[in-house]
Amino acid sequence: MSLVTVTDAEVVYRRGRQLVRAVAGASLSVERGEVVGLVGESGCGKSTLAKAVLGLVPLESGSVEFEGRPVQPLGRGAREQGLRGMQMVFQDPYSSLNPRRRVGDQVADGIELGAGRRLDAAGRRRRVGELLERVGLPTDFARRFPHEFSGGQRQRIAIARALAAEPRLIVADEAISALDVSAQASIANLLASLAADLDVGLLFISHDLGIVRQLSDRIAVMYLGKVVETGPADTVWGSPAHPYARALIGAIPSLEAGRLPDDLPGDVPDPAAPPTGCRFHPRCPRAFAPCPTSEPSLLAVEPGHAAACHLHTHADAPASDTVVSAPRGGA
Amino acid sequence: MRTLRRVLSPAGADAGRSPWSRPLAVVGAVVIVLWVLVALAAPLLAPHDPNAQDFARLQPPGGDTLLGTDGLGRDVLSRILYGTRITLPLAVLLVVLATTVGTVLGAVAGYFGRWADTVVMRLADLVFAFPGIILAMAAAAALGPGLRNAVLALTVVMWPSYARVVRSMLLGLREAEFVSATRLLGASARRTLVVDLRPNVAGPVLVLAALEVGNAVLLLSGLSFLGLGAQPPDAEWGAMVSEGARNFDAWWIGVFPGLAILTVVLAFNFLGDTLRDALDPRTARALGGTP
Amino acid sequence: MSAPVADPVAAPADRRETARRGAGLGGFLLRRGGAGILLVLGITLVAFVLTHVVPGDPAAAALGQRAIEDPATVAAFRAQYGLDDPLWRQYVTYLANLVHGDLGISQQTRRPVLTDLGDYLPPTIELALVAIVISLVLGVTLGTLAALYRDRWPDQLIRVVSLAGVSVPTFWLALTASLIFSVRLGWFSSTGQLDPGYPRSPEVTGLLLVDSLLDNDPFTFQMALHHILLPACVLAAYTVGLITRFTRASVLEVLGNDYVRAAHAKGLPRRTVILRHVLRPALVPIITVSGLAFGSLLSGTVLVESIFSWPGLGQYAYKSSLALDLPAVMGVSITVAVVYVVINLVVDVLYGVIDPRIRLS
Amino acid sequence: NPAPKTSTGSGTAGAAASKPLVVDTVFVLKSADPARNYEPTGNIVARALYDTLVTFKGADLKTPVPSVATSWKQSADGLTWTFALDKNAKFSDGSDITADDVVFSLDRVQRVKGNPSFLADGLTVTATDPDTVEVKTASYDPALLGKLASPSLGVVNSKAAKAAGASDAEDAATADKAEDAFAKASMGSGPYVLESFGLSTEVVLKANPSYWGATKPTYQRVVIRNVDAAQQKNNVEKGESSLALDLSPDQVASVGSGAVSSSVPSQYTFYLFTNANPSVNTWTANPDFQEAVRRGIDYSGLLELAGKGSRRADGMVPVQFAGSLPEGQGPTYDADAAKAALAKSGYDGTPIEVSFPSDLTQNGVSFTDMSTRIAADLNKIGIKTELKGAPVATVLELARGGKQQVGVWLWGPDFPDSSNYLAFGPGGIVGGKRVNWTAGSDPQLETVMKQAATEKDESKRAALMEEFQKGLNAGPVMSLIQPAQVFLASKDLKNLSYNLVWTVNVAELG
Amino acid sequence: MSTVPVTGAASDTGAEPLVRAEGLRVVLPGGLVPVDGVDLVVRPGEVVGVAGESGSGKTLTALSLFGLLPHGARTEGRLEVGGRDVLRMRDRELRSLRGNELAMVFQDPMTSLHPMLTVGRQVTEHLRHHRRVGRRAARERAAELLRQVRIPDPDRTLDAYPHQLSGGMRQRAAIAVALACSPRLLVADEPTTALDVTVQAGILRLLDRLRREEGVGILLITHDLGVMSALTDRLAVMYAGRVVETGPTAELLAAPRHPYTRGLLDSLPSTDHESESAAGAEGAAHAPGRRRSLTAIPGSAPRLGSVPAGCPFHPRCAHARPSCAQDRPALLPLSGTRRELACPVDPFAGAGPATARGTAPPDHDTERSRS
Ligand SMILES: Nc1ncnc2c1ncn2[C@@H]1O[C@H](COP(=O)(O)OP(=O)(O)OP(=O)(O)O)[C@@H](O)[C@H]1O
Ligand SMILES: Nc1ncnc2c1ncn2[C@@H]1O[C@H](COP(=O)(O)OP(=O)(O)OP(=O)(O)O)[C@@H](O)[C@H]1O
Ligand SMILES: [Mg+2]
Ligand SMILES: [Mg+2]
Ligand code: NI
């Protein structure tokens, strides 16, 4: 049994009279100790999917199960204890900590509420200290306020708070994208090592495929509310099965001097009015007959590697040797 | 003072300069302190009994009565000094009441949203759209006239502004990631509101309330001016201005108490405006700089 | 009484939200109309209950000392105003009449409340309009100057002036201004709208300044201006301060935006940048406060009108509420509510005019 | 360059001769319809627009003089009056005044149930011929002529009025629709006709070009305008207005050179009562306590407040009327006597509520000041007070319910006759209802009242009224002062006199 | 301050520099110095990059070229644009320079375009001001510009408001605004940071074409070294308001000499497909522990106002010596190269490329910049 399983989840926002299907039937799973990277362009529904996993937004259809129990949307009351094993690290280290409460108190919330441990003041202080050290901060930071810290330090504190709840799953939504390059590396490392050491599942969301690939065991690529490809990190990176994943990888500027990244024309369409058929077809360089009309489903290309693309299911797909070869071939 | 500074500083720490480095704030604070001292020491400072009708009527300023006497032969200066004991505490009381009611309702509206929000905000609209004078009048008539009832009436008039501020603050805070974070940790909505959000709202609301004392003085003295507030023989400033407005020849009866109101309100506004600058992240951000 | 001003900074976002939610102008107006009707209903209910729980008797105020002791006269009076019906029935009757545009008869003036309002509202609106124009012109100019000279002496000076504006008790200012400018210096008249016995221009809008211009009568216009200036300035003191402060904050905030920097980077003249790129977005919160300020001006007239013998709604409201003149009180309340709704509507429309993002398609 | 409107002969640039008479007053005005008007400002207007059967000249209220009626006589039983109408009398539209017009006018006043209706209550008016009117009263009414002089009973052009929707039928209270019409054009025979009527701004009158009376008014135009009391002085001093009616004696303590002030006692009596019902308050119902109050008020201090021209009201009846108590006969201030009386009453220091109408100022004397001073006086002799001011509508309701412990009020005469003041006796509309001085509680005084109401001989009646007031002065009703009516007029205004009923007759001014 | 030949002096093009900054300092009202001695040269057709972490002073450096520093801030040193001294210019002169010879593209197209004015207006207003062209001509030029930056349907876009465009289109529009008066120098402050990578690629291609086809000189500011290597000819790396290392991009990235530059490169995830493909080919999915970790620079960048004395990087530097804490290192040319370095220790002198980095590619950038 997976730690968390998302099956055909659908999340709909209301924007005036328009319905925005921000997540339009996405499936995903995360195992204990596994790092799953979720990538995709801005607005494709990554955050929404993350929120759906945690029950921060209600599902329109589909299901999310955590350790076998269905995730209830977070309502007025307190979250049931079993679900407190899911924690989140947010994008903005400035707004994810309460500016008016001491760092230690906020971490202590995690101990008391999240893990449900009733400790005396000294015990709590000790535990907070441990947690801060675990994320690489001195113990005496507990008495300070968030504004005294840099972005990276804040993110560590947020991680400490999440850890305090003794989670089995951590969802990190763009947890490093607001940070400096060098801080990014250290926070990413911290998250990945925690996942390994504590046997925690990590859903790592980022638009930076480079980092995701480096950290994750598996990658899921999202486009316009759907997961279009999932597979082992290096497989997806090395031989992307979906033209979108390919384009995404190709667009990353490399450190090889003078090489301009590949251009993918067009923008992500408005999720309120998605294209028919395959959602990617208007931008797809390899679109063919069935793409505008029929929506491909996520099917295994090889064991553990699945893609939602007609190219793999239709015999009459235009042949291309580049599908499984190096993505930069066309540059 | 320490707490005030703390309240003001954290979030936008690097933005605002300390309000105490601004001369206006200092002037305001000094004037307020002076008036508070006057209120405390009125019996010592006042040269005469404020209600004794001992003097010749309508004496112009000078002589034994520094600021002249009113239509009943009372010493205007003494009445102004004693007036602090009516105006200041009641203004504070009014602000406290309005803030409490407004904050609670605003918090409920902002945090719970939906029908609670609708109900509270419609009520606020109602008050905004309702002529305050009629409300005050009705309260004065229903509860019996008097400043205490005027305070109650004005509470009804004033709470919506706080409710709106608190609501809009909470609308933002509710979506803040740190709230989601504690909710995920298992905090109930009530705990979130009380433990997490209270300190965030309390600071700005306290400051806002502090600045509103000036406004409260204006409202209260306005009601008294209309005859719906202070009861004789109380030496209330607005009521004194109202008496002065009857006879332009005896200008001193109304002009001096009006100046007293002006200085008190101005002092609160001097202080408040500077505090607001230090507080309001929008202004603070604007202070960040451009050509 | 200057009604407390709500947090105008928070408001635009709310409005944007509401405006966006709307689907088209029709739906928007419909929703606004519905909300307005609800508001008016609420107002009538509150006014109704308030004026009834008050332990006075309107007959006592409306009838003379002798007539009040004459049972026949009192009975006729009570019958005429339906005061003997049960409360709920009085309310239902009132609402039924209201639907037909009948606001009842004032017990004080014995005229239809609608007629009274037709007489008293225009002078007040005129006063408030002149005041708001003064406030906007002065406030926006001073506020912009203050923002541009941030922390230098013009800013400090303007700050003191604007704070003085919001701190000065209107009723006292009315008294002092009248004492100085009218009694001592004789520069302004502080009695009524025109010189005694001077005929009003033919009524078109009810606003003397406008009507006299429509009548092509600059002399009357000049006279009306001479009479309105002092009370309008007194009334405007508070709003000038308010608008100055908001303009300053708003302009400062806009100045911090990248697009202003971008405009400077394009080499546009300073004036163009300020007028075109800065003031326009800065106007959004200013419009909100001005809307609210207009409301507070209307209630401020209660304090000012009697000193200047201005025949407006403020005096009418004051007198009718003292006299527990129920139909008049209800009429005033409804009028103020309608003005409130209209102002909000105007403010919303202005948002659309200024900000294409909010513009209704 | 624009020229001011000249058609109306007004504006800022009028020649001195055509300058209108501008009267500044705080409007107490509800209607242009005489049958519905009963307020001071309305009386000024109605006096100028509508002639009555009889009237008064100048300040005098004791001798009625002919107006529409040239002569009248009283029947032996005193119940029937016959008036012979002036044959020359004409309405402003040129038509003759007939007896039918008079009958219509008086019937209408009675039946529209307006504020002045009580003036015509119980009258049966008939036209015996086109120039004779007969008025029957239900009971003997010594005040009839005075009442008939009230501008509310002015003679209305019945044809024009009926055309405008007026009715004198029994159901006139609902059937009469002419009130608006009266605000558009006057339908009377007075020295002036209505030019414009603004309920809260100004009333403009212009001289009736075909006025039938002997003396034509001097001013071609009269503007009566609503001006805040504080501003009136300034307006007269600057020459913007000719006459101010609402100044306080304080304001005219010094006046500029262009203006003259005069003050005389007004028609109003300020009084105080202590509730005679022990269940409302045991102390105020206690005669010794009442005595303490009566002797404890420093009347000279109140007079000082009311200023020059005001007068101690020894009894309730104002000095202008026959039957007013001669000076010095009222109760006097004596702190020691008051303290003794208070001690005798056993007063225990419970605060006594002193109610007053807080929004009322009469002749520049505010009830707030007056009550504050009284409270201070009472405090001096040892009575604790609590001042309770409230708007008239509220506080009057309490008073009429007899719930005020101590009330400070004023009374203005409804018609120029002392019989008005019988209301203050036990069981009267004031004495009974407000003071809870119930009928039967002072039989001796009540006998005097009955006699005074029916006595036909004027001097005997006056004596009875004096006796009545002496009785009052021993009871719970205490007359305080008569404030001063102050006039501030421009120097060139002549023939100014104060009439209790209509304040000033603008047609008399020269 | 450096007295040796300024940055880029070694550039072999003889063209007159568009910008020349020497010892540029920005002093804020509080006395803080966010930009402390920056030397820069940009020539026509050349793309010069300024890299550095957040707060290192990149934006302020760019803004100082325009005289658009924050309220109360002061500029010191020498700063010439088109041979004229900007620091001594009057406001009028400066304004005639801005938008005309010198144009700027900001980081966030959401905020740098005026939300209440149409795109057309924003493209044409300074054109009409500087060039005194008529309304119609300006509009035609604007449409042409939009076409040039590859905006589909230029005519409709001219009448659109920024919020009606997507992020990529908005940035293209912003570039069109910058190009309206055919400036000779374009300053682009993180022009792609706010955009998705797929959109970024398009913008980078657009900038590249501009430089090649129009000969526009570009000062490109970004913290993304990948973007730098794609586009720039020369690169300056800033740390805490100072330039710590400069040189031709390819050379510099291939063999960084300053410990900070090297740390920066090491902390980046590898994007090099081939070097990883062997590992990837093993193909065993779900194998925890297979993850690679990144190498981070210890500590965090100093805050303005608490910049350490001496070499600002020394507290985080593994190679620091005691002298690093005292003496402020000058930016000195490295002999035999076209590079300059502000590190007296120079621990990587002669060392190979940074970890996980392939060998330095052949020096083909000059070839491209001449094409
Ligand atoms: N509260 C909301 N109401 C309406 N629409 C929303 C809401 N939140 C998100 N959306 C829309 O849903 C879509 C997906 O948003 P989401 O935030 O999940 O994207 P994302 O992949 O996280 O993007 P980013 O990389 O920018 O964070 C977007 O089109 C967004 O506009
Ligand atoms: N208006 C200002 N007032 C005070 N300090 C400022 C101002 N603008 C910038 N700074 C400070 O100057 C330093 C350099 O800022 P700058 O914006 O140039 O950095 P940057 O390298 O562009 O960073 P980023 O990558 O975040 O854009 C920072 O520490 C910043 O806090
Ligand atoms: Mg997101
Ligand atoms: Mg920057
Ligand atoms: Ni007010």
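We'll begin with a ligand and then step back to the chains. This is a predicted model, where local features need pLDDT of at least 70, side-chain atom pairs count only at pLDDT 80 or more, and totals for chains, interfaces and linings use all residues. Residues are numbered from 1 along each chain as its sequence is written, chains are lettered from A and ligands numbered from 1 in the order in which they are written, and side-chain values use heavy atoms, leaving out hydrogens and water.

**Stop one: ligand 1.** Select ligand 1 and show what lies near it, meaning residues with a heavy atom within 4 Å. Among those that surround ligand 1 you'll find A:Y13, A:A22, A:E41, A:K46, A:E174 and A:P271. By class, the shell holds four nonpolar, five polar and three charged residues; here Ala, Val, Leu, Ile, Met, Phe, Trp, Tyr, Cys and Pro are nonpolar, Asp, Glu, Lys and Arg charged, and the others, Gly among them, polar.

**Stop two: helix α1.** Now color residues 46-54 of chain A, which form helix α1. This helix gives the most to the shell around ligand 1, with three residues. (Helices are DSSP runs of H or I, at least four residues, numbered from the N terminus.)

**Stop three: the oxygens of ligand 1.** Pick A:T48: an N or O atom in its side chain is 2.3 Å from a ligand 1 oxygen. At A:G43, a backbone N or O atom lies 2.8 Å from an oxygen of ligand 1.

**Last stop: the chains.** Zoom out. Which chains share the most contacts (heavy atoms within 4.5 Å)? Chains B and C do, of the eight pairs in contact. Chains A and D have no contact, and their closest C-alpha atoms lie 49 Å apart.

How values were computed: A polar contact is a pair of N or O atoms within 3.5 Å; within protein, one must be able to donate a hydrogen and the other to accept it, and residues adjacent in sequence count only if both atoms are side-chain atoms. Helices (H or I, at least four residues) and strands (E, at least two) are DSSP runs, numbered from the N terminus. Contact means heavy atoms within 4.5 Å.
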